[in-house]
Amino acid sequence: MSQLALPLRLDDHAVFASFLPTGNEALVGLLANISSERVGNGCWIWGPPWVGKTHLLQAVCDRAGDCSVYVPMATLAGAGPSLIDGLASRELVCIDDFDRIAGDGAWEHAMFTLYNDIVAEGGQLVVSASMAPRECPIGLADLASRMSQLPIYSVQALADDDRAAALQLRASHRGLELPDETARYLLSRSRRDMASLYGLLDTLDREALRAQRRLTVPFVREVLKTVSG
């Protein structure tokens, strides 16, 4: 078994049901098949921050269950490559923020070994990064070649109308009703990246529960005034 002691909790909202697939239907379908049917060898997904890469990798692991492992390089890269020794014993390995270790020789050799072991075991590897494999600064040519063999998908950002729908989907998943008018109000009063919007929704969820209020525009306006200072 892996030496990687990963009691990492997946975010409770990071499931396929709470991810709006607009613009990414083919990718979401592929990941759902990977996690449910073990179809294919895996894939490489890329895109700018806050488009949902982490959400999707965690959704894959949530659906696949104990045979999978989620490895966030943004927080674990500093622990050293021995952390992933033996991970090929899992049927499905998800490496988030792969580019965080690109250019590090020790990490790259460990990832090359992991890739080969996963293939030999008939497992699957799902990788996320900020860029496509050909643009990723991987120093080990053999590793770059292997990663380029994975199916590559760009995660598309949501348009404004879709951001409102994504907020409503997340709210519904939490058991909240977010009316259209309130969703539009939030978009007009907040930063438009999904991380900021979801963070604000978390705050509204807590405040609505505490005050036993619905997410109306007047209530949201009150909360925003408190948050802003």
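Analyst: At 44% relative accessibility, Glu 91 is partly exposed, a class between buried (under 20% relative accessible area) and exposed (over 50%), with a 1.4 Å probe and protein chains only. This is a predicted model: local features need pLDDT of at least 70, side-chain atom pairs count only at pLDDT 80 or more, and totals for chains, interfaces and linings use all residues. Residues are numbered from 1 along each chain as its sequence is written, and side-chain values use heavy atoms, with hydrogens and water left out.

User: Which side chain meets Glu 91 in a salt bridge?
Analyst: Arg 38 does, at 3.2 Å, N to O. A salt bridge here is a side-chain nitrogen of Lys or Arg within 4 Å of a carboxyl oxygen of Asp or Glu.

User: What does the pair tie together?
Analyst: Arg 38 lies in the loop between helix H1 (25–37) and strand S1 (42–46), and Glu 91 in the loop between helix H3 (73–76) and strand S3 (92–96), so the pair links parts 53 residues apart in sequence. Helices (H or I, at least four residues) and strands (E, at least two) are DSSP runs, numbered from the N terminus.

User: How many salt bridges by this rule?
Analyst: The count is 7. One of them joins Arg 210 and Glu 207, with the closest N and O atoms 2.8 Å apart. Both lie in helix H8, 3 residues apart, about one turn of the helix.

User: Is Arg 210 buried or exposed?
Analyst: Exposed, with a relative accessible area of 61%. Glu 207 is partly exposed, at 25%.

User: Which residues are linked in a network?
Analyst: Salt bridges link Arg 174, Asp 202 and Asp 205.
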